[in-house]
Amino acid sequence: MTNERALVLGGGGVAGIAWATGVLAGLADAGVDVTDPDFLLGTSAGSAVAAQISSGAALGDLFRAQVDPALQWAELTPREGALAELFAFGEKVDAEVSDPVERLRLMGEMALAAETVSEAERRAVIEARLPSHDWPERSLSVVAVDAATGETRIFDRTSGVGLVDVVTASCAVPGVWPVATVGDARYIDGGVRSFTNLDLAAGYARTLVIAPMPDPVLDADAASIAERGGVIEVITPDEAALAAFGTDPLSPASRTPAGHAGFAQGRAVAEAVAALWA
């Protein structure tokens with residue numbers, strides 16, 4: 001592996017999966033394929049997209065599976081109010097606790113006590129999302145957080161655990177979806193640490209970040225990479241994409257409009273991305 005190009009895919013619910021897939025498909029349609037980087041990092045929704053694009057499946061097929069209702073896989077609808085409760089809990093923890101690992105441990109504690117659908121039901125959804133259930137030979141790293149300790153874990157094909165389990169863990173939104181078992185530990189969504197975890201992709205000459213959700217530390221992480229000589233391009237949802245997301249990024253109904261908005265945005269930013277990626 002070289003330290004030339006990194007692709008970082010952030011979290012953002014099912015709307016984020018559709019939008020990010022659309023961005024990648026729009027870029028490719030404009031002649032800019034970024035799906036084979038030297039380092040691929042996925043967090044939460046981004047872990048699903050990363051697993052999909054590294055599976056060998058055609059990007060066009062992945063895009064159509066997002067925007068064509070006849071091809072979309074079944075998704076669960078979370079308990080009403082669960083996402084708002086998570087954000088309120090997160091704000092309280094941020095205000096009261098200074099240690100970042102302890103903050104994550106408390107998020108895990110909350111997740112372990114929450115009433116959700118069963119772990120098996122949620123895992124089945126993730127399994128259906130992935131064209132391949134095996135780790136690819138190419139680069140793929142996935143971020144999750146240990147629910148008991150608050151420690152961050154970066155999984156890859158050398159970790160000795162299943163890809164479906166790892167993506168399920170990275171997408172285990174605390175209080176919304178069940179805590180996920182990977183090996184002998186249990187994990188929550190890697191997005192509780194950072195929606196992109198861009199700092200974990202430091203050291204590459206050129207980095208493309210596709211970030212469906214606002215990340216409070218993204219600007220600082222990007223600046224840190226630039227200060228060390230790295231070139232970075234960040235794509236976040238434009239106004240049309242934000243409107244397409246609607247008020248609930250976890251709503252399955254957001255997929256079609258978010259995917260189309262992402263495709264249009266990918267085509268629109270292709271020239272800038274081409275200059276970065278070439």
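Which residue stands opposite valine 8 in β7? In this model, that place is taken by valine 209. The structure is a predicted one, in which local features need pLDDT of at least 70 and side-chain atom pairs count only at pLDDT 80 or more, while totals for chains, interfaces and linings use all residues. Residues are numbered from 1 along each chain as its sequence is written, and side-chain values use heavy atoms, with hydrogens and water left out.

Start with the chain as a whole. The protein chain has 11 helices and 8 strands; these are DSSP runs numbered from the N terminus, with helices being H or I of at least four residues and strands being E of at least two. For 278 residues, a compact globule would have a radius of gyration near 19 Å, and the 17 Å found for the protein chain agrees with that. That radius is taken over C-alpha atoms, and the globule rule is 2.2 Å times the number of residues to the power 0.38. Along the principal axes, the C-alpha atoms fill a box of roughly 50 × 45 × 35 Å. Some 54% of the 278 residues count as buried (under 20% relative accessible area, with exposed over 50% and partly exposed in between, using a 1.4 Å probe and protein chains only). Take the contacts (heavy atoms within 4.5 Å) between residues at least 6 apart in sequence: 76% of them join residues at least 24 apart.

On one pairing, β1 runs parallel to strand β7 (residues 206-210), joined by 5 bridges; two strands pair if DSSP finds at least two bridges between them. Another parallel pairing, over 4 bridges, links β1 with strand β2 (residues 39-43). Here valine 8 stands opposite leucine 41. Together with helix α1 (residues 13-29), β1 and β2 make a right-handed β-α-β unit. Right-handed means that, with the strands pointing away from the viewer, the path from the first strand over the helix to the second runs clockwise.

With a relative accessible area of 6%, serine 141 is buried. Neighbours within four places in sequence aside, serine 141 is in contact with Phe39, Leu40, Leu41 and Gly42, as well as Ile154, Phe155 and Asp156. Glycine 12 sits 129 residues from serine 141 along the chain, and their C-alpha atoms are separated by 18 Å.
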